[in-house]
Amino acid sequence: MSWKNSLSKNLKELRVHFCQTSPASNGVREFIAKNYVSLKEANPNFPILIREASGVEAKFFARYDFGKEKKVILDDLSAKDIESELEKLVNQNA
């Protein structure tokens, strides 16, 4: 998918927050396990910050040029839905 290669072109940073044990964060944990390596290989210098904390809401924070940020809540989404949300964030500023 070409949008995965555009991650570093369209975003400045991606932060992922989720709980290590919460059922609401299952999709995020699965998404990271399946996609983190390929995202980093396609964008080796792009900062993808993974933050685990007990009881937090699962979410993406995408930072764009000029300090603009967008937050997307990921609670109870499947790994496939989370991938779709990330694609929207990447293409939003393209």
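Buried means under 20% relative accessible area, exposed means over 50%, and partly exposed lies in between, using a 1.4 Å probe and protein chains only. These legends describe a predicted model, in which local features need pLDDT of at least 70, side-chain atom pairs count only at pLDDT 80 or more, and totals for chains, interfaces and linings use all residues. Residues are numbered from 1 along each chain as its sequence is written, and side-chain values use heavy atoms, with hydrogens and water left out.

View 1. Helices (H or I, at least four residues) and strands (E, at least two) are DSSP runs, numbered from the N terminus. Tyr64 counts as buried because its relative accessibility is 1%. A polar atom of the Tyr64 side chain lies 2.6 Å from the backbone oxygen of Leu89. Such a polar contact is a pair of N or O atoms within 3.5 Å; within protein, one must be able to donate a hydrogen and the other to accept it, and residues adjacent in sequence count only if both atoms are side-chain atoms. Tyr64 and Leu89 are 25 residues apart along the chain, and 9.6 Å separates their C-alpha atoms.

View 2. Is Phe66 buried or exposed? Its relative accessibility is 87%, so Phe66 counts as exposed. Take a look at the backbone here too: the phi of Phe66 is positive, near 60 degrees, in a residue other than glycine. For context, most residues other than glycine have a negative phi.

View 3. Asp76 is placed in the loop between strand 4 and helix 4 (79-92). Though not a glycine, Asp76 has a positive phi of about 65 degrees. Asp76 counts as exposed because its relative accessibility is 63%.

View 4. Which residues does Asn35 contact, leaving aside its neighbours within four places in sequence? They are Lys4 and Glu83, where contact means heavy atoms within 4.5 Å.

**View 5. Stepping back to the whole protein.** The protein has 4 helices and 4 strands, which follow the pattern α-α-β-α-β-β-β-α along the sequence. Its C-alpha atoms fill a box of roughly 35 × 25 × 20 Å along the principal axes. Of its 94 residues, 40% count as buried. Among contacts with a separation of 6 or more, 69% come from residues 24 or more positions apart.
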